[in-house]
Amino acid sequence: MVNTSAAPLLSRLTRRGRLMAKRTCDRRCHAFVLGGFLFRTPTAWEYAAAVAGGSDPAAQRWLGWLPDSVVAEPMRAEALRVVPGTGPEWTTPDPHSVDVVAIDLAARRCAGLVSVHAGEDGSPETGGYLAPGYRGRGRGRELFTAGLVLAHEHLGLTRVRAGAEIGNVASGRSLAAAGMRRAPGPARYTLPNGRVGEAWWYQHDVPWPHRCTGPQAKWLA
Ligand SMILES: [Zn+2]
(Lines give C-alpha, C1' and ligand atoms only; values in the text may rest on other atoms or scores of the structure.)
Protein backbone atom coordinates (compact mmCIF):
# COMPACT_ATOMS: atom_id res chain seq x y z
CA MET A 1 0.00 0.00 0.00
CA VAL A 2 1.31 3.44 -0.91
CA ASN A 3 1.67 5.87 1.97
CA THR A 4 0.11 8.93 0.36
CA SER A 5 0.49 11.07 3.50
CA ALA A 6 4.24 11.36 2.84
CA ALA A 7 3.74 12.83 -0.64
CA PRO A 8 3.10 16.48 0.31
CA LEU A 9 6.04 16.48 2.71
CA LEU A 10 8.32 14.94 0.09
CA SER A 11 7.16 17.53 -2.42
CA ARG A 12 7.93 20.37 0.00
CA LEU A 13 11.38 18.98 0.80
CA THR A 14 12.21 18.56 -2.88
CA ARG A 15 11.14 22.12 -3.62
CA ARG A 16 13.14 23.45 -0.70
CA GLY A 17 16.19 21.48 -1.78
CA ARG A 18 15.91 22.87 -5.28
CA LEU A 19 15.59 26.44 -4.03
CA MET A 20 18.65 26.18 -1.81
CA ALA A 21 20.71 24.51 -4.55
CA LYS A 22 19.80 27.17 -7.10
CA ARG A 23 22.73 29.44 -7.97
CA THR A 24 21.79 30.91 -11.35
CA CYS A 25 19.08 33.25 -12.55
CA ASP A 26 16.03 32.26 -14.54
CA ARG A 27 12.96 34.12 -15.81
CA ARG A 28 11.39 34.38 -12.33
CA CYS A 29 14.40 34.58 -10.05
CA HIS A 30 17.83 36.14 -9.50
CA ALA A 31 20.37 33.97 -7.67
CA PHE A 32 24.09 34.47 -7.01
CA VAL A 33 26.58 33.64 -4.27
CA LEU A 34 28.83 36.31 -2.78
CA GLY A 35 30.98 35.77 0.31
CA GLY A 36 29.05 33.50 2.66
CA PHE A 37 25.68 34.62 1.35
CA LEU A 38 23.35 33.34 -1.32
CA PHE A 39 21.47 36.35 -2.74
CA ARG A 40 18.17 35.33 -4.27
CA THR A 41 14.71 36.54 -5.19
CA PRO A 42 12.90 35.72 -1.92
CA THR A 43 9.98 33.42 -1.31
CA ALA A 44 7.10 35.01 0.64
CA TRP A 45 8.46 33.61 3.92
CA GLU A 46 12.04 34.65 3.22
CA TYR A 47 10.77 38.16 2.45
CA ALA A 48 8.88 38.20 5.76
CA ALA A 49 12.07 37.09 7.56
CA ALA A 50 14.11 39.80 5.85
CA VAL A 51 11.56 42.50 6.73
CA ALA A 52 11.54 41.27 10.34
CA GLY A 53 15.34 41.63 10.33
CA GLY A 54 14.97 45.36 9.67
CA SER A 55 12.05 45.95 12.05
CA ASP A 56 13.87 46.47 15.36
CA PRO A 57 14.08 50.02 16.72
CA ALA A 58 17.84 50.34 15.99
CA ALA A 59 17.25 49.63 12.28
CA GLN A 60 14.08 51.70 12.11
CA ARG A 61 15.95 54.74 13.40
CA TRP A 62 17.54 54.86 9.91
CA LEU A 63 14.97 53.05 7.74
CA GLY A 64 11.87 54.96 8.88
CA TRP A 65 9.22 52.62 7.47
CA LEU A 66 5.50 53.20 7.80
CA PRO A 67 4.14 51.52 10.98
CA ASP A 68 2.20 48.99 8.83
CA SER A 69 5.47 47.71 7.30
CA VAL A 70 7.27 47.15 10.60
CA VAL A 71 7.01 43.62 12.05
CA ALA A 72 6.40 43.85 15.80
CA GLU A 73 7.16 41.26 18.49
CA PRO A 74 6.28 38.42 18.95
CA MET A 75 5.87 38.04 15.15
CA ARG A 76 9.36 39.44 14.62
CA ALA A 77 11.19 36.66 16.46
CA GLU A 78 9.00 34.06 14.75
CA ALA A 79 9.64 35.46 11.26
CA LEU A 80 13.39 35.54 11.91
CA ARG A 81 13.28 31.76 12.45
CA VAL A 82 12.09 31.10 8.86
CA VAL A 83 14.13 28.36 7.23
CA PRO A 84 15.45 29.56 3.85
CA GLY A 85 14.05 27.68 0.90
CA THR A 86 10.55 27.46 2.37
CA GLY A 87 7.40 29.38 1.49
CA PRO A 88 5.47 30.14 -1.70
CA GLU A 89 6.72 32.18 -4.61
CA TRP A 90 6.50 35.90 -3.98
CA THR A 91 5.93 39.03 -6.00
CA THR A 92 7.39 42.19 -4.50
CA PRO A 93 4.71 44.69 -3.46
CA ASP A 94 6.79 47.54 -4.95
CA PRO A 95 6.91 47.43 -8.77
CA HIS A 96 9.78 49.94 -8.68
CA SER A 97 12.13 47.66 -6.75
CA VAL A 98 14.10 44.48 -7.45
CA ASP A 99 14.79 42.80 -4.10
CA VAL A 100 17.09 39.92 -3.20
CA VAL A 101 17.31 38.31 0.22
CA ALA A 102 20.72 37.52 1.77
CA ILE A 103 20.76 33.90 2.95
CA ASP A 104 23.55 32.90 5.32
CA LEU A 105 24.58 29.56 3.81
CA ALA A 106 26.41 28.34 6.93
CA ALA A 107 23.72 29.22 9.49
CA ARG A 108 20.79 28.70 7.07
CA ARG A 109 19.19 31.97 8.11
CA CYS A 110 17.77 34.96 6.26
CA ALA A 111 20.34 37.63 7.11
CA GLY A 112 19.05 40.71 5.31
CA LEU A 113 17.82 42.21 2.09
CA VAL A 114 19.31 44.39 -0.63
CA SER A 115 17.45 46.05 -3.47
CA VAL A 116 17.86 48.15 -6.58
CA HIS A 117 14.95 50.58 -6.74
CA ALA A 118 13.88 53.87 -8.21
CA GLY A 119 15.13 56.86 -6.19
CA GLU A 120 13.16 60.07 -5.69
CA ASP A 121 14.20 61.28 -9.16
CA GLY A 122 13.54 57.86 -10.74
CA SER A 123 17.19 56.93 -11.19
CA PRO A 124 18.42 53.59 -9.82
CA GLU A 125 19.53 53.39 -6.21
CA THR A 126 20.66 50.49 -4.06
CA GLY A 127 19.91 50.05 -0.39
CA GLY A 128 19.48 47.34 2.17
CA TYR A 129 19.76 46.21 5.74
CA LEU A 130 21.00 43.32 7.86
CA ALA A 131 19.26 41.42 10.65
CA PRO A 132 20.51 42.29 14.18
CA GLY A 133 22.92 39.33 14.46
CA TYR A 134 24.77 40.37 11.28
CA ARG A 135 25.56 44.01 12.04
CA GLY A 136 28.94 45.38 13.07
CA ARG A 137 30.88 42.48 11.52
CA GLY A 138 31.85 43.88 8.14
CA ARG A 139 28.98 42.03 6.45
CA GLY A 140 27.54 45.34 5.20
CA ARG A 141 30.31 45.40 2.59
CA GLU A 142 29.05 42.05 1.21
CA LEU A 143 25.45 43.30 1.28
CA PHE A 144 26.17 46.46 -0.72
CA THR A 145 28.60 44.67 -3.05
CA ALA A 146 25.63 42.42 -3.84
CA GLY A 147 23.59 45.56 -4.57
CA LEU A 148 26.23 46.62 -7.11
CA VAL A 149 26.38 43.12 -8.64
CA LEU A 150 22.59 43.11 -8.95
CA ALA A 151 22.60 46.55 -10.64
CA HIS A 152 25.57 46.05 -12.97
CA GLU A 153 25.66 42.29 -13.68
CA HIS A 154 21.95 41.45 -13.60
CA LEU A 155 19.94 44.59 -14.41
CA GLY A 156 22.23 46.12 -17.03
CA LEU A 157 22.70 49.45 -15.23
CA THR A 158 25.84 51.51 -15.86
CA ARG A 159 25.30 53.70 -12.77
CA VAL A 160 23.76 53.07 -9.37
CA ARG A 161 23.55 55.50 -6.47
CA ALA A 162 23.02 55.11 -2.74
CA GLY A 163 22.15 57.48 0.06
CA ALA A 164 23.14 57.21 3.69
CA GLU A 165 21.83 59.48 6.38
CA ILE A 166 24.48 61.78 7.78
CA GLY A 167 25.49 60.16 11.05
CA ASN A 168 24.82 56.60 9.87
CA VAL A 169 28.51 55.83 9.95
CA ALA A 170 28.10 52.04 9.64
CA SER A 171 26.11 52.39 6.44
CA GLY A 172 28.47 54.97 4.91
CA ARG A 173 31.47 52.81 5.78
CA SER A 174 29.86 49.74 4.20
CA LEU A 175 28.99 51.62 0.99
CA ALA A 176 32.59 52.86 0.71
CA ALA A 177 33.97 49.39 1.48
CA ALA A 178 31.82 47.99 -1.34
CA GLY A 179 33.64 50.36 -3.71
CA MET A 180 31.17 53.21 -3.98
CA ARG A 181 32.57 56.75 -4.04
CA ARG A 182 31.07 59.91 -2.56
CA ALA A 183 29.06 61.92 -5.06
CA PRO A 184 26.97 65.08 -5.08
CA GLY A 185 23.24 64.74 -4.49
CA PRO A 186 20.24 66.36 -2.85
CA ALA A 187 20.97 67.61 0.67
CA ARG A 188 17.85 65.95 2.07
CA TYR A 189 15.71 62.93 1.45
CA THR A 190 12.40 61.74 2.88
CA LEU A 191 11.95 58.37 4.56
CA PRO A 192 8.72 56.37 4.02
CA ASN A 193 7.30 57.60 7.36
CA GLY A 194 7.82 61.22 6.32
CA ARG A 195 10.89 61.89 8.42
CA VAL A 196 13.36 64.08 6.51
CA GLY A 197 17.04 63.30 6.84
CA GLU A 198 20.26 64.87 5.58
CA ALA A 199 22.09 62.62 3.17
CA TRP A 200 25.54 61.56 2.11
CA TRP A 201 25.43 60.27 -1.49
CA TYR A 202 27.50 57.59 -3.15
CA GLN A 203 27.64 56.20 -6.66
CA HIS A 204 29.27 53.45 -8.68
CA ASP A 205 29.75 53.23 -12.44
CA VAL A 206 30.79 50.48 -14.84
CA PRO A 207 31.30 50.91 -18.59
CA TRP A 208 29.87 47.56 -19.72
CA PRO A 209 26.96 46.30 -17.63
CA HIS A 210 25.24 42.97 -18.20
CA ARG A 211 21.65 41.77 -18.14
CA CYS A 212 20.83 38.30 -16.87
CA THR A 213 17.75 36.24 -17.74
CA GLY A 214 16.09 37.19 -14.41
CA PRO A 215 13.32 39.72 -13.70
CA GLN A 216 14.34 43.14 -14.99
CA ALA A 217 13.79 46.66 -13.65
CA LYS A 218 10.84 47.45 -15.89
CA TRP A 219 10.48 51.02 -14.62
CA LEU A 220 13.81 51.81 -16.30
CA ALA A 221 13.03 50.13 -19.63
ZN1 LIG B 1 19.98 37.79 -12.25
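I took strands as DSSP runs of E with at least two residues, and helices as H or I runs of at least four, both numbered from the N terminus, and I counted two strands as paired if DSSP finds at least two bridges between them.

I noted that the model is predicted, with local features needing pLDDT of at least 70 and side-chain atom pairs counting only at pLDDT 80 or more, while totals for chains, interfaces and linings use all residues. Residues are numbered from 1 along each chain as its sequence is written, and side-chain values use heavy atoms, with hydrogens and water left out.

Sheet. I looked up the hairpin of β4 and β5, found five residues between the strands, and saw that Gly122 in the turn has a positive phi of about 90 degrees. These strands run antiparallel and are joined by seven bridges, β5 covering residues 124-130, and Val116 stands opposite Thr126. On the other pairing, β3 and β4 are antiparallel over eight bridges, with Ala102 partnered by Gly112, and in their four-residue turn Arg108 has a positive phi near 50 degrees.

Core. I then searched for nonpolar cores, meaning sets of buried Ala, Val, Leu, Ile, Met, Phe, Trp, Tyr and Cys residues joined through side-chain atoms within 4.5 Å. The largest has 30 residues, and Leu155 is among those with the most contacts inside it. The elements giving two or more residues to this core include β3 (97-104), β4 (109-118) and α5 (139-154), and α5 provides the largest share, six residues.

Key:
Buried means under 20% relative accessible area, exposed over 50%, partly exposed in between (1.4 Å probe, protein chains only).
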